[in-house]
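User: Hi, I have a new structure open and could use a quick tour. Can we go through it in short steps?

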There are 2 protein chains.
Amino acid sequence: MSYTMIHSCLRVMDLEKSEQFYQAALGFEIVRRKDHPEHKFTLSYLRSPGSDFELELTWNHDQAEPYVLGNGYSHLAVGVADLEGSHKRHEEMGLAPKPLKGLPGQGVRFYFLEDPDGYLIEVVKV
Amino acid sequence: MSYTMIHSCLRVMDLEKSEQFYQAALGFEIVRRKDHPEHKFTLSYLRSPGSDFELELTWNHDQAEPYVLGNGYSHLAVGVADLEGSHKRHEEMGLAPKPLKGLPGQGVRFYFLEDPDGYLIEVVKV
């Protein structure tokens, strides 16, 4: 039996704010939205161009308290060719990316960024 | 600037147990392992056949307490053609999958499963 990873799902407090972040900061595209008013939630599916894997954002309409992020889930990683340029761009956008990092002797390889709910995103040089 | 989703990362308590689960239950393949003994952590990267997206499992060697999963991260979804067959298979493996579900009139479309740390996996009919 064959399984394929199709999406990762995060719960968010403000769907439009999150959609705008993933579009503006990471170039994701909204593929579709599914509204379920009877169950008071909306799902939004985003993709990075050229990939089938999706980020599913769940907005529970009645959620009042920020979600507890815990320490189990770590991050979603995205690859980019120009890591330093991306870091500068995210700084200029006011997104406060963490410092560029890398193993000794390898130069910079990645940095972290937070989305509007505080979920970590690892930006990796590819 | 172009970004591509490359992996989702979860912290796990027992790396071999998690690797075995994802291999046996979902047919994922271990692509590589990176051991960082100086920082006391090991990373394992798994793929579903035919897809570039990876699941990164982080094992922090000194982690004593179970991770706090919180309620922000929701799940990783995998697609499968034979949903009912998959559900039966996971039952027979003793993995206690949740009941098959679907919207009214659509028949069954998905079910949930827990990995060894309690992270949810949504198995979706594709």
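Analyst: Here is a short walk through the chains, sheets and helices. One thing to keep in mind is that this is a predicted model.

User: OK. How many residues of chain A are in contact with chain B?

Analyst: 41 residues of chain A are in contact with 41 residues of chain B. On the side of chain A, the elements that give two or more residues are β1 (4-11), β4 (54-60), β5 (73-80) and α2 (83-92).

User: What's that side like by class?

Analyst: It has 20 nonpolar, 17 polar and four charged residues.

User: Which strand of chain B is joined to β1(A)?

Analyst: Strand β5 of chain B, residues 73-80. Six bridges join the two, and they run antiparallel.

User: Which residues stand opposite each other there?

Analyst: Here are two pairs. A:His7 stands opposite B:Ala77. A:Cys9 stands opposite B:His75.

User: What is the strand order of the sheet with β1(A) and β5(B)?

Analyst: The order is β2(A)-β3(A)-β4(A)-β1(A)-β5(B)-β7(B)-β6(B). That is an open sheet of seven strands with mixed pairing.

User: Which are the edge strands?

Analyst: β2 (29-36) of chain A and β6 of chain B. Each pairs on one side only. Neighbouring strands of this sheet are turned by 25° against each other on average, ignoring direction.

User: And what packs on it?

Analyst: Helix α2(B) does, touching β5, β6 and β7 of chain B. The direction of α2(B) makes about 145° with that of β7(B).

User: Stay on that helix. Which residues of α2(B) are buried?

Analyst: B:Leu83, B:Ser86, B:His87 and B:His90 are buried. They cover an arc of only 100° around the axis, so they sit on the same side of α2(B).

User: What do those buried residues pack against?

Analyst: They pack against α1 (15-26), β5, β6 (110-114) and β7 (120-125) of chain B.

User: Which exposed residues are on the face turned away?

Analyst: B:Gly85 and B:Glu92. Just after the helix, B:Gly94 takes a positive phi of about 75°.

User: Is β4(A) mostly covered or mostly open?

Analyst: Mostly covered, as five of its seven residues are buried.

User: How many bridges join β3(A) to β4(A)?

Analyst: Seven, and the two strands run antiparallel. β3(A) covers residues 41-47. A:Tyr45 stands opposite A:Glu56 in β4(A).

User: What about the hairpin between them?

Analyst: The hairpin of β3(A) and β4(A) has six residues between the strands. In this hairpin, A:Gly50 takes a positive phi near 85°.

User: New topic. What domains does chain A have?

Analyst: The domain assignment gives domain 1 (1-64) and domain 2 (74-126). Their centres, taken over C-alpha atoms, are separated by 21 Å.

User: How many residues does each give to the contact?

Analyst: Domain 1 of chain A gives 12 residues and domain 2 of chain A gives nine.

User: Which element gives the most on the domain 1 side?

Analyst: α1(A), with five residues. By class, the domain 1 side has seven nonpolar, three polar and two charged residues.

User: I clicked on A:Arg89. Where is its place?

Analyst: A:Arg89 is in helix α2 of chain A. The C-alpha atoms of A:Arg89 and A:Ala25 are separated by 8.6 Å, although the two residues are 64 apart along the chain.

User: Why does A:Arg89 count as partly exposed?

Analyst: Because it has 15 other C-beta atoms within 10 Å.

User: Last one. What's the order in the sheet that starts with β6(A)?

Analyst: The order is β6(A)-β7(A)-β5(A)-β1(B)-β4(B)-β3(B)-β2(B). This open sheet has seven strands and mixed pairing. Its twist averages 25° from one strand to the next.

User: How do β1 and β4 of chain B run in it?

Analyst: They run parallel, joined by five bridges. B:Arg11 stands opposite B:Thr58 in β4(B). Helix α1(B) packs on this sheet, touching β2, β3 (41-47) and β4 of chain B.

Methods
Residues are numbered from 1 along each chain as its sequence is written. Chains are lettered from A and ligands numbered from 1 in the order in which they are written. This is a predicted model: local features need pLDDT of at least 70, side-chain atom pairs count only at pLDDT 80 or more; totals for chains, interfaces and linings use all residues. Two residues are in contact if their C-beta atoms, placed from the backbone, lie within 7 Å. Helices (H or I, at least four residues) and strands (E, at least two) are DSSP runs, numbered from the N terminus. Ala, Val, Leu, Ile, Met, Phe, Trp, Tyr, Cys and Pro count as nonpolar, Asp, Glu, Lys and Arg as charged, and the others, Gly among them, as polar. Two strands pair if DSSP finds at least two bridges between them. A residue is buried if 20 or more other C-beta atoms lie within 10 Å of its own, exposed if 12 or fewer, and partly exposed in between; C-beta atoms are placed from the backbone. The arc is that of the directions from the helix axis to the C-beta atoms. Axes are lines fitted to C-alpha atoms, for helices over the stretch in contact, and angles run from 0 to 180 degrees between N-to-C directions. Domain bounds come from an automatic or database domain assignment.
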